[in-house]
Amino acid sequence: MTASPPSWAAAGHTGGGRCPAPAQLYGPQLDGDGLPKLYEDLRQEHGPVAPVMLAPGVRAWLVIGHGELLRLTREEQDFSHDPRHWLLLREGRVPADSPILPMVGWRPALLFADGQQHRRMRAAVSDALGRINGHELRRSVRAAAERLIASFADRREADLVPHYARKLPMQVITGLLGLDERTGQQFVQAIAGTAGATADSANASRRMGAILLALIEEKRQRPGNDVTTALLRHPAALTDEEVLHNLVVMFVAGNQTTVNWIATTLRVLLTDPNFRSSLSGGHLSVDDALDLVLWRFPPTQNFPARYATRDLRFGGQDIRAGDMLVLGLAGANADPQVLPPDGNPVVGNRSHLAFGAGPHTCPAQDPARLITRTAVDTLRHRLPDLELAVPESELAWVKSPWSKGLAALPVRFTDPQLPPEPSPGEPR
């Protein structure tokens, strides 16, 4: 240990001898700009598996080695997805109002299941997502993006997080679910509260569940061409409770991840001239640019969780049965063991871990990519002279142990290139 630990370090010990002091992944000092350095400091001090605190009294291991994370995601016999293995929870040492419980508490959903039970639910989720028509989704995203751009174009300025990056996935995802616009807004507000790891997270989680339960009841009575109906009708015969919680897993993870992916890609375009010129000059495709963002700034920094099923030595640490291990996606992407000597990912390389790995790789990554690609491309073409309205150092971040998301992205522009208004009587 160093004599003067970083400001985020917090002493934390458990019984049974010396334990390394964990880094604190919560609180007002958690700055998105400081996270890469935090991961590298942890790697230097502890190796590929490092001790962290996710909330007061909630200790876990953060897996930031690329090879170790692959093993963590593939070996279910040693690392279960079921939080009922979690020793702190079993012993009653996690407060009922802990802000992380809405993210890690057990639900009857594919994210918290192993083996056959996981395969059964994943088949239903994958098939429901596979029914999404890519061409229709692209047209829907582009139309929604152009409506949002038109709503702030006359002002010649905007905050692209609340005015664009948050609104666009919400409009698309709620349509895929089969929610009306007003209920969709309430649903997305509940998603943000659940994922924020704040004192209101538990209430937000309950509001989200009530909205989805009402939706499921409606779709049983009046089926539609939507993901909810597809899950209800799937041969896997999911119960209403399983449908509800798998929708939560899909769209809590999917919405905030897509918001962050859009906002981060736009931030990099506005602050990295080489990145922007490579994209504008055709040296990078939009998909190449999106993958570079996933390598360097994955929208989900850390993802919960696996639980050790036995005592074992892993990543240089003594892991005990029932310990929680968190997927350090951003730290693993920056592992020097997998990057070229210059530390930069190779263009076109999709071996990043932004979507996880193994049997639980994110099943919604294709629609998320389509939404993000269309959102970024439409904004680039409609606002070609877009520029950041504040110094990059003044950008604010959402405080969360799970994601590195921008709280705001203020921009200005002078020459919006909007599509012509349709003639009277012409369909929009």
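Is Trp 86 buried or exposed, and at what relative accessibility? Trp 86 counts as buried, because its relative accessibility is 0%. Please keep in mind while reading that this is a predicted model.

**Aromatic pairs**

In total, four aromatic pairs are found. One of them brings together Phe 79 and Phe 314 in a tilted arrangement, with 4.9 Å from centre to centre and 50 degrees between the planes. This pair links distant parts of the chain, since Phe 79 belongs to strand 4 (residues 79–80) and Phe 314 to strand 7 (residues 312–314), 235 residues apart. Both Phe 79 and Phe 314 are buried.

Trp 86 and Tyr 307 form another tilted pair, 6.1 Å centre to centre and with 40 degrees between the planes. Trp 86 is in the loop between strand 4 and helix 3 (87–90), while Tyr 307 is in strand 6 (residues 302–308), so the pair ties together parts that lie 221 residues apart in sequence. Tyr 307 counts as buried because its relative accessible area is 2%.

Here are these two pairs side by side:

| Pair | Centre to centre | Angle between planes |
|---|---|---|
| Phe 79 and Phe 314 | 4.9 Å | 50 degrees |
| Trp 86 and Tyr 307 | 6.1 Å | 40 degrees |

**Charges over rings**

Arg 84 lies over the face of Trp 106, 4.0 Å from the ring centre. Likewise, Arg 267 places its charged end over the ring of Phe 297, at 4.8 Å from the centre.

In soluble globular proteins, nonpolar side chains tend to be buried together. Here the largest nonpolar core holds 114 residues, and those with the most contacts inside it are Leu 54, Trp 86, Leu 160, Tyr 164, Leu 247 and Leu 409. Helix 12 gives the most to this core, with 16 residues. Apart from it there is another core, of 17 residues, including Leu 69, Leu 327, Leu 329 and Leu 353.

Of its 32 residues, 27 are buried, so helix 12 is largely enclosed by the rest of the structure.

Thr 228, in helix 11 (residues 227–233), is buried because its relative accessible area is 0%. Not counting residues up to four places away, Thr 228 touches Leu 176, Leu 177, Leu 215, Ile 216, Lys 219 and Leu 247.

Strand 3 pairs with strand 2 (residues 49–55) in the antiparallel sense over six bridges, and Met 53 stands opposite Arg 59. Their hairpin has two residues between the strands, and Gly 57 there takes a positive phi near 80 degrees. Strand 3 also pairs with strand 9 (residues 324–328), this time in the parallel sense over three bridges; there, Val 326 is the bridge partner of Leu 62.

Key: Residues numbered from 1 in each chain as written. Predicted model: local features only at pLDDT ≥ 70, side-chain atom pairs only at ≥ 80, totals over all residues. Heavy atoms only, no water. Buried < 20%, exposed > 50% of the residue type's maximum accessible area, 1.4 Å probe, protein only. Helix = DSSP H or I, 4+ residues; strand = E, 2+ residues; numbered from the N terminus. Pairing = 2+ DSSP bridges. Phe/Tyr/Trp six-rings, centres within 6.5 Å; stacked < 30°, edge-to-face > 60°. Lys NZ or Arg CZ within 6 Å of the ring centre and 35° of its normal. Core = buried A, V, L, I, M, F, W, Y, C linked by side-chain atoms within 4.5 Å. Contact = heavy atoms within 4.5 Å.
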